[in-house]
Each structure stands twice: as C-alpha cells, then as structure tokens.
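Open the model in your viewer and keep the selection tool at hand. The tour starts at the ligand and then moves out to the whole chain.

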Amino acid sequence: MHELYLEKPGDLKMRESRPVPAPKDNEVKVKVIYGGICGSDLSILRGKIPHAVYPCRPGHEILGTVVEAGEKSRYSVGTKVASFPNTYCGKCEFCLQGRTNICMNKKVFGLTVDGLFAQEIIIDSEFLVPLPPDLADEKAILVEPFAVNVHALQRTPILRGKSVAVIGCGTEGLLATVLLNHRGADLTVLDVNPLKMEKAQSLNKNIKAMHPADAKGKEYDVVVEAAGVKASIEQAFQLVKPGGAMIALGVASGEISYPSLRITRNEITIYGTIIYTKKDFADALTFLQDPTFNVAPILSRIDPFTKYREAFADALTGNFAKIVLDFR
Ligand SMILES: NC(=O)c1ccc[n+]([C@@H]2O[C@H](COP(=O)([O-])OP(=O)(O)OC[C@H]3O[C@@H](n4cnc5c(N)ncnc54)[C@H](O)[C@@H]3O)[C@@H](O)[C@H]2O)c1
Ligand SMILES: [Zn+2]
Ligand SMILES: [Zn+2]
C-alpha cells in the first residue's frame, strides 16, 4: 500500500504506507478509489498557508469503499463513502447550533492533521457521508467542492431571473455556474484565463463571459467571488448593485481594501461562506443524481496516483478544472 507525503513545501513524494491498524469504535478502514486535487492542496504544496503542518499526508477530497468497520461505526463494510475535509467537535457553541462548518475546534485533513491521499485510510466514520449506490464515481468525486456552492448559494434568496456574476472559473466557480444556471440566474462569468471562460460557456451557451477588465462599470444583483485574490475581491465589491449581495467564497491572504461608503450607502450584504454541513452535502448529492445536472465538463481528467507529479504540475498551471487521482 502507498500514500502521498509532503515532507516540506514543494517536496511531494510517494512512499509505502505504514501498516494500517484495524479500525476501533467509530472508525472505519476505507479503500480509496478517487482523490480530487483541490486548490488548497496546491496552496499547501506551495507553502502558502501559514498554519499548515509539515510533514503531512495531503488530500481531503476522497471517495472509497468501507472495507473494515469498528463496532460502533456508522457504516458497514461495502458502503461507498465520501470524506468531509475537516473534523468538528460536536460540542462547541457552533456545533450545538448545527453549524459544524465553523466549529471552534476543527482540524483540517491534509493541513493540520494527516490527509487522505493514500490507498487505504483509517477515519472516524462521523466525517464520512454515504454515497447513493447508483451515482457514478466520476460525478460523486465532485460532491465535496460542489457542496461548498450548495451551502454558499443558500445564503441568498431566489435567484431566478436575477443578474449574477461569478468571478473566477476554477472548480468552485464552475460548479457555482452549474448551480446558478439550474436556478435560472442571468449569468455572467469573469476570469483572467480565456480557457476557463470557454469552459464556463461550454456549460450553457447563454452564459456571458468576459475578462475582468471589461466588467468595469457593470452591476449585478448578486456577485459570487470565487477567485480568491485581492484584485477579484476588490472588484466584487464594485460589481454589486445597490441592495444586492456579494458571496465571499474565495479565500485570499493579506489585506483587502473595504469600500465602506459604497457598502453602507448601498446596503450591500456580504455573505461569508465556508464549506458546508451534512445537510448541504446531502442536497449536493441530490443535484448530482439528476441526469440533467451536467457537471461532466468540470472533471478535467483522472490520472493513476503514481503519476502524482504530472497531475499536481498540471493542476498548478491553472489551465484545468478538477484533476483526480485514481488510488486503485
Ligand atoms: N469558502 C469555502 O468554503 C471554499 C471552499 C473551497 C475553495 N475556496 C476558495 O475558493 C477559491 C476558488 O477555489 P478553486 O478551487 O475554484 O480555485 P482555482 O484556483 O481552481 O480557481 C480560481 C480561478 O480564478 C481565476 N482568477 C485569478 N485571478 C482572477 C481575477 N483577478 N479575476 C477573475 N478571475 C481570476 C483563475 O484563473 C482560476 O480560474 C479559492 O480562493 C479557494 O481557496 C473556498
Ligand atoms: Zn477541497
Ligand atoms: Zn465544534
């Protein structure tokens, strides 16, 4: 059995795993099928996240099959499952309100504790979600990044007929585009990379696409910021109509200037949004089971995990949507 391993920033390797013990109590042993490479895995690889712990096994977006189950486990052998990207305590003020996504004691797989990019893992079954048996693995591997958008877009009311701009057409922005399109929004997407704009337009020919520089002076009812850089966040504030809303999904480090007068005088609402709860995950699965809900273009390719170097190098170019590793 093998796993990926990050000794220090920039130093990603494959190695033989230590023998995986038998699962105890709530734990299960999962044979990993697919692992999706996420933007945050790339940031950890680049050493861009100050609180990342090294050495560390990377990865948090996996699906696999339970092959052994502890006596108190939620799932039995043979269940197909997907992982949560972090743990939560279940006891803090926020967990008790059902907001496990903002748990005060959460630990993030592949960032502050060992991640999930291995052929076999042991994990607390609390942080797994069962997958419908009829859902193709190639769709199911998108459930984690998609649940982010299901959660984010629940923050705003009815979107049908509203003008919505999505800034950034990475995996998150593209999945937002699919969901907004499904909900009948009048959609414009912005990206600095023409390949990404093309990808977004391939989802529906009615989607307008433009370079961010061409959006100057335009205004939208809702702006979804999914690029996560200073320039895009500052532009997002400028693109919201009076009375409108910005969904702050992208994560940027460093300082961003906040246009106080514009936000206050125009009653602009800013919704922070971070991952999701189990309910969002379940809703995401329901969408993915709908055959008319077309997420196929968002899966760029699947590589055997032994080709991790090529897969991560291509992901780092920024020219692809989701690249997935096959751990079988
Ligand atoms: N809030 C959450 O729960 C959550 C979850 C997952 C990811 N994220 C964050 O969301 C953001 C997007 O994630 P992703 O995985 O899609 O990343 P990604 O890197 O795949 O996509 C970002 C896209 O933004 C584009 N871009 C860069 N600069 C731009 C600019 N100035 N204007 C317009 N587009 C620009 C890039 O070309 C790219 O297509 C990241 O900041 C990530 O950390 C947040
Ligand atoms: Zn992720
Ligand atoms: Zn908690």
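Select ligand 1 in this predicted model and show its surroundings: 30 residues surround ligand 1.

Which of the elements gives the most to the shell around ligand 1? Select H5: it gives the most, with 3 residues.

Now colour the shell around ligand 1 by residue class. Expect 15 nonpolar, 12 polar and 3 charged residues.

Then colour by domain. Select 2–145 together with 276–326 for domain 1, and 156–272 for domain 2. Where does ligand 1 lie relative to these domains? Both domains give residues to the shell around ligand 1, so the ligand lies between them.

Zoom out to the whole protein and switch to cartoon. The secondary structure comes to 10 helices and 15 strands. The radius of gyration is 20 Å, close to the 20 Å that the globule rule gives for 328 residues, so the protein is as compact as a globular protein of that length. Turn to the C-alpha trace: along its principal axes it spans about 60 × 40 × 40 Å.

Finish with packing. Colour by burial: of the 328 residues, 44% are buried. Then draw the contacts between residues at least 6 apart in sequence. Of these, 66% join residues at least 24 apart.

Methods
Residues are numbered from 1 along each chain as its sequence is written. Chains are lettered from A and ligands numbered from 1 in the order in which they are written. This is a predicted model: local features need pLDDT of at least 70, side-chain atom pairs count only at pLDDT 80 or more; totals for chains, interfaces and linings use all residues. A residue is near a molecule or strand if its C-beta atom, placed from the backbone, lies within 6 Å of it. Helices (H or I, at least four residues) and strands (E, at least two) are DSSP runs, numbered from the N terminus. Ala, Val, Leu, Ile, Met, Phe, Trp, Tyr, Cys and Pro count as nonpolar, Asp, Glu, Lys and Arg as charged, and the others, Gly among them, as polar. Domain bounds come from an automatic or database domain assignment. The radius of gyration is taken over C-alpha atoms; the globule rule is 2.2 Å times the number of residues to the power 0.38. A residue is buried if 20 or more other C-beta atoms lie within 10 Å of its own, exposed if 12 or fewer, and partly exposed in between; C-beta atoms are placed from the backbone. Two residues are in contact if their C-beta atoms, placed from the backbone, lie within 7 Å.
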